Amino acid sequence: MQVIRESYLAGYYTETEELDNMLEVAKILQNRFGSWDEMTESYLRGYEYWKESPSAYQSRKEGYENLKATSSCYQIDWNTPLNKAW
């Protein structure tokens with residue numbers, strides 16, 4: 001999602017192309033993982049491996065838990081149907 005967003009900001013995608021691409025990625029993620037927690041755990045383990053640091057995992061995990069407690073986006077049901085609305 002970040003690469004798609006950065007591509008849009010750099011002018012490589014129109015807004016519609018950006019949203020279309022993000023929708024496709026979101027559908028892939030939704031099919032591959034069963035929840036926000038499961039997706040985030042996969043990301044965190046990959047980050048830990050890349051950084052070669054268990055403390056990097058723990059630090060990001062705490063950040064995710066804080067976001068989850070305060071951000072409404074994580075309250076959205078993981079299985080919400082994903083449809084084009086633009």
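The crossing of H3 and H4 is right-handed, meaning that the near helix is turned clockwise from the far one by less than a right angle. Before going on, this is a predicted model, where local features need pLDDT of at least 70 and side-chain atom pairs count only at pLDDT 80 or more, while totals for chains, interfaces and linings use all residues. Residues are numbered from 1 along each chain as its sequence is written, and side-chain values use heavy atoms, without hydrogens and water.

Helices here are DSSP runs of H or I with at least four residues, numbered from the N terminus. H3 covers residues 36–51 and H4 residues 54–70; their axes lie 8 Å apart at an angle of about 150°. Axes are lines fitted to C-alpha atoms over the stretch in contact, with angles from 0 to 180 degrees between N-to-C directions. H3 and H4 are therefore roughly antiparallel, the word for angles over 145 degrees.

On the H3 side, the residues that meet H4 include Trp36, Tyr43, Leu44 and Tyr47; from H4, Tyr57, Arg60 and Tyr64 are among them. Contact means heavy atoms within 4.5 Å.

Now the other pair. H1, residues 2–9, and H2, residues 15–32, cross at roughly 175°, and their axes come within 10 Å. That makes this pair, too, roughly antiparallel. H1 brings Ile4, Arg5 and Tyr8 to the contact, and H2 brings Glu15, Glu18, Asn21, Met22 and Val25.

Last, Gln75, in the segment after H4. Is Gln75 buried or exposed? Gln75 counts as exposed, because its relative accessibility is 58%, and exposed means over 50% with a 1.4 Å probe, protein chains only. Its C-alpha atom is 17 Å from that of Glu62, 13 residues away along the chain.

Note on methods: Helices (H or I, at least four residues) and strands (E, at least two) are DSSP runs, numbered from the N terminus. Angles under 35 degrees count as roughly parallel, over 145 as roughly antiparallel, 65 to 115 as roughly perpendicular and the rest as oblique. Buried means under 20% relative accessible area, exposed over 50%, partly exposed in between (1.4 Å probe, protein chains only).
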